[in-house]
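Here are some notes for a colleague who is opening this structure for the first time. Please read them with the sequence and the model side by side.

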Amino acid sequence: MNEELLRAWRTGAEEPGAVLLDGFHPLKHALRFGGAVRQVLTADRAALLALAAELAPDVAPALDALAVELPEAALRTLAPRLSPTGVVALAVRPTAEANRAALAVRPRPAPVVLLENPRNLGNVGAVIRLAAGFGATGVVTTGELDPWHPAVLRGSAGLHFATAVERLTLPELPAGPLHVLDPEGTDIRETAFPDDAVLAFGTERHGVSAELRERADRLVAVPMRPGVSSFNLATSVAMGLFHWMSGRPPGGAV
């Protein structure tokens, strides 16, 4: 039985678009936001269902239907860095076409976050988590980093499934006023971000590229104490999204 489960897992992991969810919270969010979860393996099924009943009763029925128990030693052959919650799952990411369609919807009720050529997997995960929390339309990255990398999914706690996450080139960006965070821009306190904005952030070391700066409809700067080199990327995104949200009426839909 164990060998059959392992073979089925390895076959599923090779399917196009398959992603690993390592731990209860990524799995919880994938189920909560409609992710296509295919397999759930756990070292302790009863403990997993008890945890779901305590923390996420809305997903408990789905977990009850999906979860299969497997010895921890066998689980560690699939996920060496097994979460303390002792559960791993396989899901299928939304297609690029579905994400592009979600990003292209107009009028857009919330901004798209653009990360130009990000380098740190954990930072990208944190940004996706922020975008989901603020109700952003999606997160777009450029460059070589895969925004669906397992380490990014770990950093986002599986909240990729709560927003549209896709890698694009600059010419493929969704339509909308492009607001680029840049030290030479207008003070952010003097600028309102429209709901359909694309909010662009560069790397902590180099900032945004000349090409992206030239495409900008507006350059916006977050004031910073002299001598401080930069803010962390996720912190900058949090400030940008909070600034957008603070301009909306209290109680407005997110």
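1. Throughout these notes, contact means heavy atoms within 4.5 Å. Among contacts in the protein chain between residues at least 6 apart in sequence, 80% join residues at least 24 apart.

2. This is a predicted model, in which local features need pLDDT of at least 70, side-chain atom pairs count only at pLDDT 80 or more, and totals for chains, interfaces and linings use all residues. Residues are numbered from 1 along each chain as its sequence is written, and side-chain values use heavy atoms, with hydrogens and water left out.

3. The protein chain has ten helices and ten strands; helices (H or I, at least four residues) and strands (E, at least two) are DSSP runs, numbered from the N terminus. The C-alpha trace spans about 60 × 40 × 40 Å along its principal axes. A compact globule of 254 residues would have a radius of gyration near 18 Å, and the 20 Å of the protein chain agrees with that. That radius is taken over C-alpha atoms, and the globule rule is 2.2 Å times the number of residues to the power 0.38.

4. Of the 254 residues in the protein chain, 47% are buried. Buried means under 20% relative accessible area, exposed means over 50%, and partly exposed lies in between (1.4 Å probe, protein chains only).

5. Helix 7 (residues 121-134) packs with helix 10 (residues 233-246) at an angle of about 15°, and their axes are 9 Å apart. Helix 7 is therefore roughly parallel to helix 10. Axes are lines fitted to C-alpha atoms, for helices over the stretch in contact, and angles run from 0 to 180 degrees between N-to-C directions. Angles under 35 degrees count as roughly parallel, over 145 as roughly antiparallel, 65 to 115 as roughly perpendicular and the rest as oblique.

6. Which residues make the contact of helix 7 and helix 10? Helix 7 contributes Asn 123, Ala 126, Val 127, Leu 130, Ala 131 and Phe 134, while helix 10 contributes Leu 233, Ala 234, Val 237, Ala 238, Leu 241, Phe 242, Trp 244 and Met 245. These residues divide into 13 nonpolar, one polar and no charged. Ala, Val, Leu, Ile, Met, Phe, Trp, Tyr, Cys and Pro count as nonpolar, Asp, Glu, Lys and Arg as charged, and the others, Gly among them, as polar.

7. Helix 2 (residues 24-32) and helix 3 (residues 45-55) have axes that come within 12 Å and cross at roughly 60°, so the two helices are oblique to each other. Phe 24, His 25 and Arg 32 in helix 2 meet Leu 48, Leu 51, Ala 52 and Leu 55 in helix 3. This contact divides into five nonpolar residues, one polar and one charged.

8. His 25 counts as partly exposed, at 36% relative accessibility. Leaving aside neighbours within four places in sequence, His 25 is in contact with Leu 55 and Ala 157. Ala 157 is found in the loop between helix 8 (150-156) and strand 7 (164-167), and is buried, with a relative accessible area of 6%.

9. Some backbone values deserve a look. Most residues other than glycine have a negative phi, and most peptide bonds are trans. Phi of Ala 157 is near 55°, a positive value, and phi of Asn 117 is near 50°, also positive. A cis peptide bond joins Arg 106 and Pro 107, with omega about -5°. Pro 107 is in the loop between helix 6 (96-104) and strand 5 (112-115).
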